[in-house]
Amino acid sequence: MASPAASGEAEPPVLPALLLFRRRLDATFHAALRRRYRLLDFFASGEPLPAFLAGAAASLDPPRAAGVVGGGAVRVDAAFLDAVPSLGFVFSTGAGVDHIDLHECERRGVAVANSGTVYSSDVADHAVGMLIDVLRRVSAAERFVRSGLWPVQGDYPLGNKLGGKRVGIIGLGNIGSLIAKRLQAFGCVIYYNSRRPRDSVPYKYFLNVHDLASESDVLVVACALNKDTRHIVNKDVLEALGKDGIIINIGRGANVDEMELVRALKVGRIAGAGLDVFENEPKVPAEFFSMDNVVMTHHVAVFTSESRSDLRDTTIGNLEDFFSGKPLLTLVLPWS
């Protein structure tokens, strides 16, 4: 049989290779990537990571780009980059980049981008929803009614109002700022801690999280995870927050010392918690399961139908910019 070239037919385009490290990818998103790239899917391969990377690096057209999700399954560090020296670009499908060694990437000339503000509004909505749930005991009261206890035991204990609460936000980035705006509309007083004070906001700035907690009724964790913010909410911070205090964590699980949080909740050192993230996902401390003052979701604050569509556009836009040599849409630089 004659080759396409010999017969005058155009040869099919050679698609650039893309390393993919993400389990939850909807069919539309996966198809959009497959039309544009030769996907080397780690989770579909079933191979151990070293063998998978070695095979990709040994191919005739080794991959120049990778799409990676956070959560601990794969870390883009020196060893990863050594295994695939052809890489020039890493895209994180989330806003967090704690699974990527930004300084090592910069040293090697590997560009990094993330989801940018794709998830910001959805995460802010989720944080406010969890706070209302904890304060007003929505989920706990729903379980009370559903279990048939209302006619047997009478009214469920009252919750607390949101308006007027002093809310301390750890990390006044894009998500933290959107949470602040939403809570202001409920009549909350906003305080914050961040790497540096922001002149553009009217909220009171606290230099350290302990002092922020001591002046707050609610702590919302909305910061990135790095060596400085690991366990930024520790035993001392929880004690400063006090017995009527509430923790909401939509950042990273390891921002909070989880075992200290369990202990604080068990003995009543704080009043409740709303948790979308956990320190050793998908494992969740069993002690939380019997606590009616704890509201939990499975790291889904970022996910809505709309955000999935926006992520697809942001991912493909960044990849197309990289392969065409254009500036990236959502470039991420190392923290100083």
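The centres of domain 1 and domain 2, taken over C-alpha atoms, are separated by 34 Å. Domain 1 comprises 4-118 + 305-333, and domain 2 comprises 120-296; these bounds come from an automatic or database domain assignment. The model is predicted, so local features need pLDDT of at least 70 and side-chain atom pairs count only at pLDDT 80 or more, while totals for chains, interfaces and linings use all residues. Residues are numbered from 1 along each chain as its sequence is written, and side-chain values use heavy atoms, with hydrogens and water left out.

Let us turn to the interface. Here 6 residues of domain 1 are in contact with 5 residues of domain 2, contact being heavy atoms within 4.5 Å. Together the two domains bury about 510 Å², 39% of it on carbon and sulfur atoms; buried area is the accessible area (1.4 Å probe) lost when two parts are put together, summed over both.

Which side chains meet in a salt bridge? They are those of Asp98 and Arg252, at 3.0 Å, N to O. A salt bridge requires a side-chain nitrogen of Lys or Arg within 4 Å of a carboxyl oxygen of Asp or Glu. The rule finds 1 salt bridge across the interface of domain 1 and domain 2. By class, the side of domain 1 that touches domain 2 has 1 nonpolar, 4 polar and 1 charged residues. In this scheme, Ala, Val, Leu, Ile, Met, Phe, Trp, Tyr, Cys and Pro are nonpolar, Asp, Glu, Lys and Arg are charged, and the others, Gly among them, are polar.

I close with the cavities. On a 1 Å grid over the protein atoms alone, a cavity is a set of points where a 1.4 Å probe fits but cannot get out, and lining residues have an atom within 4 Å of a point. There are 2 cavities of 30 Å³ or more. The largest cavity holds about 60 Å³ of space, a volume being the space filled by probe spheres set on points joined across faces, edges and corners. Its lining includes Leu18, Arg22, Phe29, Phe91 and Thr315.

Conventions:
1 Å grid on protein atoms, 1.4 Å probe; cavity = no way out; pocket = protein on both sides within 12 Å on 5 of 7 lines; lining within 4 Å.
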